[in-house]
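Please take a reader who is new to this protein through its structure, one part after another, with the sequence and the model at hand.

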Amino acid sequence: MIRMFRIFCAAKGLLFSIGAASALIFTMASCAGAGGRDPLPQDAGFRYKMTIAVETPEGVMTGSAVRQVVIRSGLSPLPESQASVKVKGEAVVVDLGPRGVLFGLLSGYFLGADHASDLPGYVYFPKGGWLSADGNRKMKEIEKGNPVELPPKWYPKLVYFKDASDPKTVEMLLEVKPCEGQTAAQKDRQYCIYNNRFEEAFGAGVRLKSVVIEMTEEPVTKAIDGLLPFLNTVRGGYLDGQFLGGGPKLSNILHGGDFSKGEKE
């Protein structure tokens, strides 16, 4: 039996499930090829802002992050690979003062690793058509400063650190999964929140109020490295410092790319 395992390519955040033999050679070659820098031009694509609001006994606390997304076409002759999406930006940070800090990651409950790059397309073009050669133009034509509140299906993964200096102490704040009573074959399934740990993490009376996105021309946010200095150490690797990922601990599932992506200017 071929032993299967997952390897994380820190340079680009690539995950591979491979056999232990010749496929390893392919993986290492792929990682080496992915290591080149590929910064996004400042004026390329479009930008959107995500804002997370949290209700506390002291009032509503909010945090925002602006991301830049570029849709590229013609990168492959394969029909299903005619367009790709690249994102630059970082997690949303909501500072709750002495209660702690919440992070809305670049990965999501439903879209996974593609959350930050693909979210605007699914929100503004639910019937499709955005992942095309003129996708950037379509996105830029959307009215700026008109927030859209997201349902749980489109939430980013929400986490906090019990100890902000120790990446191994990361914990999930919510579980979001299909609501009970729906079948896997059902189209447009609704998603519900389970195992809400906001009060456990931040104290009584603290709860998530809303998650919204809006198109913007504001500059891309660059602040998270100062809040989580260990990101400069783990870079693209898993938060627990391991080469192989997959859990079960959250620190062996999340990596640097969940918090920040793209070239730092």
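Strands β9 and β10 run antiparallel and are joined by three bridges, and in this pairing Tyr 160 has Glu 171 of β10 as its bridge partner. The model in which these bridges are found is a predicted one. On another pairing of β9, with β7, the sense is again antiparallel, over three bridges, and here Gly 104 has Leu 158 in β9 as its bridge partner. β7, which covers residues 101–108, also pairs with β6 in the antiparallel sense, over four bridges, and Val 93 stands opposite Phe 103 of β7.

Taken together, these pairings belong to an open sheet of four strands in the order β6-β7-β9-β10, with antiparallel pairing. Its edges are formed by β6, residues 92–95, and β10, residues 170–172, each of which pairs on one side only. From one strand to the next, the twist averages 30°.

Helix α2, residues 115–124, lies across β7 and β9, the latter spanning 156–161, and the helix runs at about 75° to β7. Nine of the 10 residues of α2 are buried, so this helix, too, is largely enclosed by the rest of the structure; among the buried residues of α2 are His 115, Asp 118, Leu 119 and Tyr 124.

The largest nonpolar core has 40 residues, of which Ile 52, Leu 102, Leu 150, Leu 158, Phe 198 and Phe 202 touch the most other members. Several elements give two or more residues to this core, including β6, β7, α2 and β9, as well as β3 (46–56), β4 (59–73), α4 (198–202) and β13 (207–216). The most is given by β3, with five residues. When its neighbours within four places in sequence are left aside, Ile 52 is in contact with residues that include Met 61, Val 92, Val 94, Leu 102, Gly 104, Leu 158, Leu 208 and Val 211.

Aromatic rings can be followed next. A pair of such rings is described by the distance of the centres and the angle of the planes. A search of the whole structure finds 10 aromatic pairs. In one of them, the rings of Phe 103 and Phe 161 have centres 5.7 Å apart and planes at 80°, so the pair counts as edge-to-face. This pair links distant parts of the chain, since Phe 103 lies in strand β7 and Phe 161 in strand β9, 58 residues apart, and both Phe 103 and Phe 161 are buried. For Phe 198 and Phe 202, the ring centres are 6.0 Å apart and the planes stand at 65°, so this pair is edge-to-face as well. Phe 198 and Phe 202 both lie in helix α4, four residues apart, which is about one turn of the helix, and both are buried.

Elsewhere, ring pairs link Phe 110, Tyr 122, Trp 130, Trp 154 and Tyr 191 into a cluster. Over the ring of Phe 110 sits the charged end of Lys 153, 4.5 Å from the ring centre, while the charged end of Lys 177 sits over the ring of Tyr 194, 5.0 Å from its centre.

Two points of the backbone remain to be pointed out. Asn 195, in the loop between β12 (191–194) and α4, has a positive phi of about 50° although it is not a glycine; Asn 195 counts as partly exposed, with a relative accessible area of 46%. The peptide bond from Gly 247 to Pro 248 is cis, with omega near 10°, and Pro 248 is found in the loop between α6 (231–234) and β14 (260–261).

For the protein as a whole, the secondary structure comes to six helices and 14 strands, and 44% of its 265 residues count as buried. Of the contacts in the protein with a separation of 6 or more, 60% are accounted for by residues 24 or more positions apart.

Notes
Residues numbered from 1 in each chain as written. Predicted model: local features only at pLDDT ≥ 70, side-chain atom pairs only at ≥ 80, totals over all residues. Heavy atoms only, no water. Pairing = 2+ DSSP bridges. Axes fitted to C-alpha atoms, helices over the stretch in contact; angles between N-to-C directions. Contact = heavy atoms within 4.5 Å. Core = buried A, V, L, I, M, F, W, Y, C linked by side-chain atoms within 4.5 Å. Buried < 20%, exposed > 50% of the residue type's maximum accessible area, 1.4 Å probe, protein only. Phe/Tyr/Trp six-rings, centres within 6.5 Å; stacked < 30°, edge-to-face > 60°. Lys NZ or Arg CZ within 6 Å of the ring centre and 35° of its normal.
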